[in-house]
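Colleague: Before I use this model, I would like to go through its side-chain contacts and one of its helices. Can you put the structure up?

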Amino acid sequence: MSGAPPLIGVKFEVFGKVDKVDFVKYAQLEAERLGLFGWIEETKDRTIKGEIEGPPEQVQEMQQWLCSKGSPGCQIDRVDASEPIPLQKPTHGPILSVKPHHHHEGK
């Protein structure tokens, strides 16, 4: 056993003034730069939600970006993130695959 898992997955939600500031686009570019997998989308509650998967170091770097940098003109109040889940391989495609908008909320 060589300690750390090869990959980790983290779910997150970003709160603040993050809609209509191209947050998703910038986050996708950053995730692509870091070579991460997963998805990211704007929710109808005007938050940014997603899941990122990749090597622990890159995932942490992305979380740092989500918490402190974001897109130009955004105002990040807080980020809720899940505990990292160890993964053997990615369960999602490259991050640029925006999650399809089929919400199952029975409305």
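Colleague: How many salt bridges does a search of the whole structure find?

Modeller: The model is predicted, and side-chain atom pairs count only at pLDDT 80 or more. Among the bridges is a network that links Asp19, Lys20 and Arg46. The search of the whole structure gives a total of seven.

Colleague: Which strands does the salt bridge between glutamate 13 and lysine 49 tie together?

Modeller: The two side chains meet at 4.0 Å, N to O. Glutamate 13 is buried at 18% relative accessible area, whereas lysine 49 is partly exposed at 36%. The salt bridge joins the side chains of glutamate 13 and lysine 49. Glutamate 13 lies in residues 7-17 and lysine 49 in residues 48-54, so the pair ties together parts 36 residues apart in sequence, namely strands β1 and β3.

Colleague: How many residues apart in sequence are the parts tied together by glutamate 61 and arginine 33?

Modeller: Glutamate 61 is partly exposed at 36% relative accessibility, and arginine 33 is exposed at 54%. Their side chains form a salt bridge of 3.1 Å, N to O. Glutamate 61 belongs to helix α2 (residues 56-68) and arginine 33 to helix α1 (residues 23-34), so the separation in sequence is 28 residues.

Colleague: How many disulfides does the structure hold?

Modeller: A disulfide is a covalent bond between the sulfur atoms of two cysteines. Cysteine 67 is partly exposed at 42% relative accessibility, while cysteine 74 is buried at 18%. To be counted, two cysteine sulfur atoms must lie within 2.5 Å. The number of disulfides in the structure is zero.

Colleague: What span is expected for α1 at 1.5 Å a residue?

Modeller: Helix α1 has twelve residues. From first C-alpha to last, α1 reaches 16 Å, which is close to the expected 16 Å.

Colleague: Which residue does threonine 47 join through a polar contact of 2.8 Å between side chains?

Modeller: Threonine 47 is placed in the loop between β2 and β3 and is buried, with a relative accessible area of 5%. Leaving out residues up to four places away in sequence, threonine 47 touches Glu13, Val14, Phe15, Val18, Glu41 and Glu42. The side-chain partner in the 2.8 Å polar contact is threonine 43.

Definitions and conventions
Residues are numbered from 1 along each chain as its sequence is written. This is a predicted model: local features need pLDDT of at least 70, side-chain atom pairs count only at pLDDT 80 or more; totals for chains, interfaces and linings use all residues. Side-chain values use heavy atoms; hydrogens and water are left out. Helices (H or I, at least four residues) and strands (E, at least two) are DSSP runs, numbered from the N terminus. Buried means under 20% relative accessible area, exposed over 50%, partly exposed in between (1.4 Å probe, protein chains only). The expected span of a helix is 1.5 Å times one less than its number of residues. A polar contact is a pair of N or O atoms within 3.5 Å; within protein, one must be able to donate a hydrogen and the other to accept it, and residues adjacent in sequence count only if both atoms are side-chain atoms. Contact means heavy atoms within 4.5 Å.
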